[in-house]
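User: I am new to reading protein models, and I would like to go through one slowly with you. Could we take a few features in turn, with the general idea before the case at hand?

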Amino acid sequence: MTNVSVIGAGAWGTTIANHLANKNYPVSIWAFEKEVVLNINNKRENSVYLPQIKLSKKIKAFFDIEETVKNADVIVIAIPTKHLRKCLENNNFAFNKKTIFLSLTKGIEKNTFKRPSEIISETKNTKKICALSGPNLSLEIAKGLPAATVIASANIEDAKKLQEIFSSSNFRVYTSDDIIGVEIGGALKNVIAIAAGISDGLKLGNNAKSGLIVRGIKEITRLGVKIGANKETFFGLSGIGDLITTCQSDLSRNHFVGYEIAKGKKLKDILSRMKAIPEGVETTLSAFELSKKLGVEMPITNEIHSVLFEDKNPKDAIINLMTRPYKNEN
């Protein structure tokens, strides 16, 4: 039987742990907060990040990462990008050379512009890394609602192994060898989701939000292709699929940030009230700087950067987008 360890007990890490435990895999999970560890082990729930979802008895939570990953065949990483490098560097755990790492993390590291899989590779000196991404709202999957996702890896055989482990009758897993495209789509859709939240908060209507989604995938694709991704990836589950879901759902943390900003709230006040981290905020900084460095046009990202970090009025940002120089659509 495959032993699975999950590092990170937020909503998504806990959901994936429970999904695998419900498939009868033995699962260990590490949490930063002792409260979460005790909650999972004693009450069979994670009331901090995934309340009202009953967790399998096959999940065992730990406060020590080395204990968590002992004997792991698969190590799932569910740590926010801003904490990922420090967490992995500070915990020098041993693992089998055949162990496959799977990243659930969506973001781009500030200053280095590294993707999560690259951070894992650098800190753990391994090439056996996959990334999972798609239109996957954790609460829906935790409730057993049907969903589809993609597991990508430069080594397609590793992706296929994880496809077998993670697939179920309500969670369909596809594979891809384009880990760059899958990770970039998963990261940048959060920036566009903030824009969609602003649009909803300002009550701009469905036409405006559809325009944001379609033009959003255009600029995501431009940046992705520039750094080596396959263009087709962005028109699949981890690209437009994830983008549509995140932009349309009230369950999206990033959409919530945009919605609250449109209502006049300050970013620091919004973040101070959120337990979970909306990855799109940090990703906006990274994407803005990376696009400038590479000379890639990303008008929506630029405006969201101005709103979040330069205190620009969201209404002015919308006007700027609508009055840009006229262009051919493609």
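User: Which helices are included in what covers the buried residues of α11?

Analyst: Before the answer, please note that this is a predicted model, in which local features need pLDDT of at least 70 and side-chain atom pairs count only at pLDDT 80 or more, while totals for chains, interfaces and linings use all residues. Residues are numbered from 1 along each chain as its sequence is written, and side-chain values use heavy atoms, with hydrogens and water left out. Helices (DSSP runs of H or I, at least four residues) and strands (runs of E, at least two) are numbered from the N terminus. The cover of the buried residues of α11 includes α8, α10 (237-248), α12 (267-272), α13 (279-294), α14 and α15 (314-322), where contact means heavy atoms within 4.5 Å.

User: How many residues of α11 are buried, and which are they?

Analyst: A residue is buried under 20% relative accessible area, exposed over 50% and partly exposed in between, with a 1.4 Å probe and protein chains only. Seven of the ten residues of α11 (residues 253-262) are buried, so this helix is largely enclosed by the rest of the structure. The buried ones are Asn254, His255, Val257, Gly258, Glu260, Ile261 and Ala262.

User: What is found at the N-terminal end of α11, and what follows the helix?

Analyst: Serine 252 caps the N-terminal end, with a side-chain oxygen 3.3 Å from the backbone nitrogen of asparagine 254. After α11 comes glycine 264, whose phi is positive, near 95°.

User: How should I read two helices that pack together, and at what angle do α8 and α14 cross?

Analyst: Two packed helices are described by the angle between their axes and the distance between the axes. Axes are lines fitted to C-alpha atoms, for helices over the stretch in contact, and angles run from 0 to 180 degrees between N-to-C directions. The axes of α8 (residues 179-201) and α14 (residues 299-309) come within 10 Å and cross at roughly 70°. The two helices are therefore roughly perpendicular to each other, given that angles under 35 degrees count as roughly parallel, over 145 as roughly antiparallel, 65 to 115 as roughly perpendicular and the rest as oblique. Val191, Ile192, Ile194, Ala195 and Ile198 of α8 make the contact with Ile300, Thr301, Ile304, Val307 and Leu308 of α14.

User: At what angle do α13 and α14 cross?

Analyst: Their axes come within 9 Å and cross at roughly 130°, which makes α13 oblique to α14.

User: Is lysine 189 buried or exposed, and what does it touch?

Analyst: Lysine 189 is found in α8, and at 7% relative accessibility it counts as buried. Not counting residues up to four places away in sequence, lysine 189 touches Lys106, Ile220, Asp242, Leu243 and Thr246.

User: Where do glutamine 52 and asparagine 71 lie, and what is the phi of each?

Analyst: Most residues other than glycine have a negative phi, and most peptide bonds are trans. Glutamine 52, in the loop between α2 (34-43) and β3 (59-62), has a positive phi of about 70° although it is not a glycine. Asparagine 71, in the loop between α3 (65-69) and β4 (74-77), has a positive phi near 70°. Glutamine 52 is exposed, with a relative accessible area of 77%, and asparagine 71 counts as exposed at 58% relative accessibility.

Methods: A polar contact is a pair of N or O atoms within 3.5 Å; within protein, one must be able to donate a hydrogen and the other to accept it, and residues adjacent in sequence count only if both atoms are side-chain atoms.
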